[in-house]
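Biologist: I'm new to this one. Can you put it on screen and walk me through it?

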Amino acid sequence: MIDLELTDKKHDEARQGEALVVDAPVVRNGRKLYIESYGCQMNFADSEIVASILLDQGFETTGDYKEADVVFINTCSIRENAEQRVRNRLSQFGAEKRKNPKLIVGVLGCMAERLKSKFLEEEKLVDVVVGPDAYRELPQLLNEVESGQKAINVLLSREETYADINPVRLNGNGITAFISIMRGCDNMCSFCVVPFTRGRERSRDPHSILAEAQDLFDKGYKEITLLGQNVDSYKWKGTNAEENNEDLEIEVNFAQLLEKVALISPELRIRFSTSHPKDITDEVLYTIAKYDNICNYIHLPVQSGSTRVLELMNRTYTREWYINRVDAIRRIIPDCAISSDIIAGFCTETEEEHQETLSIMDYVGYDFAFTFSYSERPGTLAARKLEDDIPEEVKKRRLAEILAKQQETSLFRLQQFVGKTVRILVEGTSKKSDKDFCGRNDQNAMVVFPATEGVKAGQYVNVHIDRCTSATLLGTVVN
């Protein structure tokens, strides 16, 4: 039976708190590691790096924190509800630690630097706090904890990209995977903590990215997503090691990297996230249009439809600039899907400016959007300089209006596929029924169809779309 329930389109909501479990290497030391991840895909990718480092030390992973020797929670500081979730989980881990005093509890990632003192000394919730640039130090830090000390390293780096570490794959399906191409962010958006928690922007060596992508394809993976806080600003300078000419200086931008990855194989499907409206170039768009295996889908956060609010957010583009970039996407890649992030009720936002956001949603016609009401994050420019002066009930009402419009637009966008045949990559059985398969089309829409003889995960199949909900396409396999 095909499931007709709506799929939640918010950022990885179904994966929040997901535990990392991987196949164990041959050599064991009897110690078990539990990692729980929150936040964006960058955090989940970081958990894969952490697991790789500790598996090399002989650990094995477990999906049950009660049987672990070391428990890590990889944190997110982007939104207030993520922090509350982490605190609730730390309380549960603390209860287990009281039963098992040898249990080591640690906090990783974006929340680590900002709340290190609270976690370690004031609230005594954890034994070790490690920021996103210090994961190589984890074996040493765990040794310090075992010797009776509290351990901390939240130093940010201008060089660390973990380029030489081959990540294990988080609960991998063996079909889709993420590759981090850069770390940090130089965009000082006034509402965002990322530059303070992940440091300055630095791009990873393209040779290591291509080697990782090739290795994944050789192992049977069919889709990779290139990750960065702002992939369009990817830029690497160095020598062309591939040509064995150490004197030849080269520079690789994102469009060129995208092309190099696409050339690995036409059977390897490429996605990327996230683009910034101020940086996405026509060169990137023409590269997407040139290669069939680069998916026609761009996540282009607008945040607000008002130029004045965008200036307060320090987004460094105007409403008109954003519309220009959308027009370029529609011109160069006519069937490209566009998604967005939208904040309701940012500081001083007027009712007229809220209407501007609704009107830009009408203009673009987003395929889906991740929407939030503004919550002040400590340490950001907005927290220091602006007053969070929009009443909560107004924020909730504006967010509800944005959500209602987006649901209507999402349904319209998916209805355009009804009656057509789309090519999808089968990712596995549907979450709701093992009698159905699911996968995504080129535009990143979820497609659900009855399990069909001869079809299995990892294959490309053509599916005729019979009908849709506002979040899912429903169809049948055709030859």
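**Aspartate 69 and beyond**

Modeller: Let's start at one side chain. In this predicted model, the side chain of aspartate 69 reaches the backbone nitrogen of lysine 32 at 2.7 Å.

Biologist: Where does aspartate 69 lie?

Modeller: Aspartate 69 is in the loop between β3 and β4.

Biologist: What does aspartate 69 touch, leaving out residues up to four places away in sequence?

Modeller: Gly30, Arg31, Lys32, Lys102, Leu103 and Ile104.

Biologist: OK, zoom out. How many helices and strands does the chain have?

Modeller: There are 14 helices and 22 strands. The chain has 479 residues, and 57% of them are buried.

Biologist: Which residues have the most contacts inside the largest nonpolar core?

Modeller: Ile181, Leu226, Val261 and Ile298. That core has 67 residues.

Biologist: Take isoleucine 181. What is in contact with it, leaving aside neighbours within four places in sequence?

Modeller: Its partners include Ser203, Arg204, Ile209, Leu226 and Phe254. Tyr234 and Leu257 are also among them. There is a second, separate core too, with 24 residues. Ile35, Ile53, Tyr135 and Ile165 belong to that second core.

Biologist: Switching to rings. How many aromatic pairs does the structure hold?

Modeller: It holds 10. Take tyrosine 34 and tyrosine 65: their ring centres are 5.9 Å apart and their planes sit at 65°, so this pair is edge-to-face.

Biologist: Where in the chain are those two?

Modeller: Tyrosine 34 is in strand β2, residues 32-37. Tyrosine 65 is in the loop between β3 and β4. They are 31 residues apart, and the pair links distant parts of the chain. Both tyrosine 34 and tyrosine 65 are buried.

Biologist: Which residues form one aromatic cluster with Tyr34?

Modeller: Tyr65 and Phe93.

Biologist: And why are phenylalanine 254 and phenylalanine 272 called edge-to-face?

Modeller: Their planes are at 75°, over the 60 degrees that edge-to-face requires. The ring centres are 5.3 Å apart. Phenylalanine 254 is in helix α8 and phenylalanine 272 is in strand β14, 18 residues apart. Both phenylalanine 254 and phenylalanine 272 are buried.

Biologist: What lies over the face of tyrosine 460?

Modeller: Arginine 423, at 3.9 Å from the ring centre.

Biologist: New topic: glutamate 223. Buried or exposed?

Modeller: Buried, with a relative accessible area of 5%. Glutamate 223 is in strand β11, residues 223-227.

Biologist: What does the side chain of glutamate 223 make a polar contact with?

Modeller: The side chain of arginine 271, at 3.3 Å.

Biologist: Last one: helix α14. How many residues does it have, and how far does it reach?

Modeller: Helix α14 has 24 residues, 392-415. It reaches 34 Å from its first C-alpha to its last, close to the 34 Å expected at 1.5 Å a residue.

Biologist: Which residues of α14 are buried?

Modeller: Among them are Lys395, Arg398, Leu399, Ile402 and Gln406. Thr409, Ser410 and Leu414 are buried as well.

Biologist: And what covers the buried residues of α14?

Modeller: The cover includes helix α12. Strands β16, β17, β21 and β22 also take part.

How values were computed. Residues numbered from 1 in each chain as written. Predicted model: local features only at pLDDT ≥ 70, side-chain atom pairs only at ≥ 80, totals over all residues. Heavy atoms only, no water. Core = buried A, V, L, I, M, F, W, Y, C linked by side-chain atoms within 4.5 Å. Buried < 20%, exposed > 50% of the residue type's maximum accessible area, 1.4 Å probe, protein only. Contact = heavy atoms within 4.5 Å. Phe/Tyr/Trp six-rings, centres within 6.5 Å; stacked < 30°, edge-to-face > 60°. Helix = DSSP H or I, 4+ residues; strand = E, 2+ residues; numbered from the N terminus. Lys NZ or Arg CZ within 6 Å of the ring centre and 35° of its normal. Polar contact = N/O pair within 3.5 Å; in protein donor to acceptor, adjacent residues only side chain to side chain. Expected span 1.5 Å × (residues − 1).
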